[in-house]
Protein chains: 2
Amino acid sequence: MQGTRLDTARIRAARRVIDPVFLDSPLYRCEALEPGLGCTVSIKLETANPVRSFKARGTEVIASLLDGNGPRAVVCASTGNLGLALAWSGRRRGFDVTVVASRYAPAAKLDRIRALDARLELVDGDFDMARERAAAVARHDGIRLVEDSLDIETCEGAATIGLELVETAPSFDAVLIALGGGALATGVGHVVKAQAPGVEVICVQPLGSPSMTHSWRQRRVVTTDSTNTIADGVAGRHPIPAVLADLLLVADDAVLVQEASIIAGMRMLLDHAGLVVEPSAALGIAAILEDRDRFAGRHVATIVCGSNVDAGAYRRWVHAV
Amino acid sequence: MQGTRLDTARIRAARRVIDPVFLDSPLYRCEALEPGLGCTVSIKLETANPVRSFKARGTEVIASLLDGNGPRAVVCASTGNLGLALAWSGRRRGFDVTVVASRYAPAAKLDRIRALDARLELVDGDFDMARERAAAVARHDGIRLVEDSLDIETCEGAATIGLELVETAPSFDAVLIALGGGALATGVGHVVKAQAPGVEVICVQPLGSPSMTHSWRQRRVVTTDSTNTIADGVAGRHPIPAVLADLLLVADDAVLVQEASIIAGMRMLLDHAGLVVEPSAALGIAAILEDRDRFAGRHVATIVCGSNVDAGAYRRWVHAV
């Protein structure tokens, strides 16, 4: 794919430095979901690993590069999963990892970051405030700032999922990708458009956190004043210009879904696939539920990108009728 | 491993005929489980595939052999998962598949067998009655009877899990294996004892369905008149002599666990690993819960062997305090 910041040869090289426990995740057709969705559905499962999300693919690339000759102290802002992954990748290499997160992030994510021996700093605000604070920490302490979606390694790590998708036969008609900061969408989108251009790349974001989708549609950065969604993993107000530029080259569409559809998607994944997922991981199913005609009879792959969810909140969502 | 019916070269060959969607399943350390268990725990996850259990490893071996020159009609008795797997492996090859099961088997298993276009015959009794009926169907119709654990291919398929376990570094101190008919235990046990003899092979069965464990302890077939366990996947009254003979060669221990421990194990896997599992898949965790001292400080691998469970029953079990 010409024009994006990504390079397929570098993505292939990334596979060689990522711990194999995160690679070659399950990819399988889930027929039990199909009567309710009206299309053929394959799941790319990114939750069956030590950090329960795809994010370690990227942090493994970053940490392996730093392990050679870079600084051994790093800081990132995170909605939770990046911090968890960076803590995992950093701990095994003896790094000093600081994660800045919102104090309103799911306790499950915050607790697991602490359990991995990272220093956790909480801000009394949202992810974009955590980003500002992490940048200040990096400047003050003179340590490496890891910026999700902006740092190309985070996109390259995510893009290895794309390689695993396009190497599988038969191919899909469309891939549904959760859209937050954009690392997953631009990474997977780059590989799919380069290797299997006929496959439709569809990004999915909550209506309650629509900044990147609005930006993609208007082809310029559009910010919002607030977010309001249970899909904490993709919530953000300030799209990064360089990431938007890549997204404009690789996404065929970006759609917004309602909270009720996200919950319905979580419940379907539980009842028909036996999968506990966090809200962001149900965005693809939500998109199908909201536009069945678009997907009718087609083969759709959806990336189940994380399962770090508070048990109490999860039960309230999926058991409320 | 000398003496068993299994052969490591044949097990390696089996890997080449099993659909890759069932191979190289996730194997990862799950630290969130560890504070509650007092040992290092790795999970071998056999549920993230189209049939949600390990059984298709075996049915793929059987079906690929038949696909060449064997009969194209098959019948099996099943507690559910073997039938589901045989229906999947048979459908893609155009086989005529009949599954005989107890009418008391979980509806989720029976529904999924029907959805895969298999003919489902229900008996008004348990799995051992279904075995008798399946044998009668095979005789009457002159079709191939697939016998779980007795047919060596079912053991060889399961044994490929063993190859994936022993090929991983660092090694484990013990492997916990659900014990029912014995295909999983003898298959995995054979490979572990042949390739990594220092790893303890521990089979786990419910107190409410103890026939194979009693047989292993007494070194002769011991039957029971009934079973009483929620772990439907491992419930059986009549051990197969040839399978017991293999088990005597490969198992270091066989333990029995209470129903309450199975439920506690299911709840731990849900709350700390985000995994919905059927009761049989929680036997390993149950064994740790019942004997923490035995496993303290050791690295234990447990095979999460299936997730076909009725949603209603599952919710009653895991949410009852």
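Colleague: How do β4 and β5 of chain A pair, and over how many bridges?

Modeller: In this predicted model, strand β4 (residues 96-102) of chain A pairs with β5(A) in the parallel sense, over 5 bridges.

Colleague: Which residue does A:Val100 stand opposite in β5(A)?

Modeller: A:Glu121.

Colleague: What sheet do they belong to? What's the strand order?

Modeller: An open sheet of 4 strands in chain A. The order is β5-β4-β3-β6, and the pairing is parallel.

Colleague: Which strands stand at the edges?

Modeller: β5 (119-123) and β6 (144-146) of chain A. Each has a single partner strand, so one side of each has no neighbour in the sheet.

Colleague: And how much are neighbouring strands turned against each other?

Modeller: By 20 degrees on average, with direction ignored.

Colleague: Which strands does helix α4 of chain A lie across?

Modeller: Helix α4 (residues 81-91) of chain A lies across β3 (73-77), β4 and β6 of chain A. It runs at about 170 degrees to β4(A).

Colleague: Switching to chain B. What's the order in its open sheet of 4 strands?

Modeller: β5-β4-β3-β6, with parallel pairing. In chain B, β5 (119-123) and β6 (144-146) are at the edges. Each of these two has a single partner strand, so one of its sides lacks a neighbour in the sheet. The twist from one strand to the next averages 20 degrees.

Colleague: How many bridges join β3 and β4 of chain B?

Modeller: There are 5 bridges between β3 (residues 73-77) and β4 (residues 96-102) of chain B, in the parallel sense. B:Ala73 stands opposite B:Asp96 in β4(B).

Colleague: What does α4 of chain B touch on the sheet?

Modeller: Helix α4 (residues 81-91) of chain B touches β3, β4 and β6 of chain B. Its direction makes about 170 degrees with that of β4(B).

Colleague: Now β8 of chain B. How many of its residues are buried?

Modeller: 6 of the 7 residues of β8 (residues 200-206) of chain B are buried, so the strand is largely enclosed by the rest of the structure.

Colleague: Which strand pairs with β8(B) over 5 bridges?

Modeller: Strand β7 (residues 174-178) of chain B, in the parallel sense. B:Leu176 has B:Ile202 in β8(B) as its bridge partner.

Colleague: New topic, the two chains. What rotation superposes chain B on chain A?

Modeller: One of 180 degrees, with 0.0 Å of shift along its axis. The RMSD is 0.0 Å. That is the relation of a two-fold axis.

Colleague: How many residues are in contact between chain B and chain A?

Modeller: 21 residues of chain B are in contact with 21 residues of chain A.

Colleague: Which elements give two or more residues to chain B's side?

Modeller: β1 (27-29), α5 (107-115) and α11 (259-273) of chain B. By class, the side of chain B that touches chain A has 11 nonpolar, 4 polar and 6 charged residues.

Colleague: Why say the copies meet through the same surface?

Modeller: Because 100% of the interface residues of chain B are also interface residues in chain A.

Colleague: Back to helices. At what angle do α1 and α7 of chain A cross?

Modeller: The axes of α1 (residues 8-15) and α7 (residues 152-166) of chain A cross at roughly 90 degrees, and they come within 9 Å. That makes α1(A) roughly perpendicular to α7(A).

Colleague: Which residues meet there?

Modeller: From α1(A), A:Arg10, A:Ile11, A:Arg12, A:Ala14 and A:Arg15. They meet A:Glu156, A:Gly157, A:Ala159, A:Thr160 and A:Leu163 in α7(A). By class, this contact has 4 nonpolar, 2 polar and 4 charged residues.

Colleague: Is A:Ala13 buried or exposed?

Modeller: A:Ala13, in helix α1 of chain A, counts as exposed, with 12 C-beta neighbours inside 10 Å. Its C-alpha atom is separated by 14 Å from that of A:Thr154, 141 residues apart along the chain.

Colleague: And A:Gly233, buried or exposed?

Modeller: Buried, with 32 other C-beta atoms within 10 Å. A:Gly233 lies in the loop between α9 (211-218) and α10 (241-250) of chain A.

Colleague: What is A:Gly233 in contact with, leaving aside neighbours within four places in sequence?

Modeller: A:Thr79, A:Gly80, A:Asn81, A:Gly180, A:Glu278, A:Ser280 and A:Gly306. As for A:Asn308, 75 residues apart from A:Gly233 along the chain, the C-alpha separation is 9.4 Å.

How values were computed
Residues are numbered from 1 along each chain as its sequence is written. Chains are lettered from A and ligands numbered from 1 in the order in which they are written. This is a predicted model: local features need pLDDT of at least 70, side-chain atom pairs count only at pLDDT 80 or more; totals for chains, interfaces and linings use all residues. Two strands pair if DSSP finds at least two bridges between them. Axes are lines fitted to C-alpha atoms, for helices over the stretch in contact, and angles run from 0 to 180 degrees between N-to-C directions. Two residues are in contact if their C-beta atoms, placed from the backbone, lie within 7 Å. Copies are superposed by least squares on the C-alpha atoms of residues with pLDDT of at least 70 in both. Ala, Val, Leu, Ile, Met, Phe, Trp, Tyr, Cys and Pro count as nonpolar, Asp, Glu, Lys and Arg as charged, and the others, Gly among them, as polar. Angles under 35 degrees count as roughly parallel, over 145 as roughly antiparallel, 65 to 115 as roughly perpendicular and the rest as oblique. A residue is buried if 20 or more other C-beta atoms lie within 10 Å of its own, exposed if 12 or fewer, and partly exposed in between; C-beta atoms are placed from the backbone.
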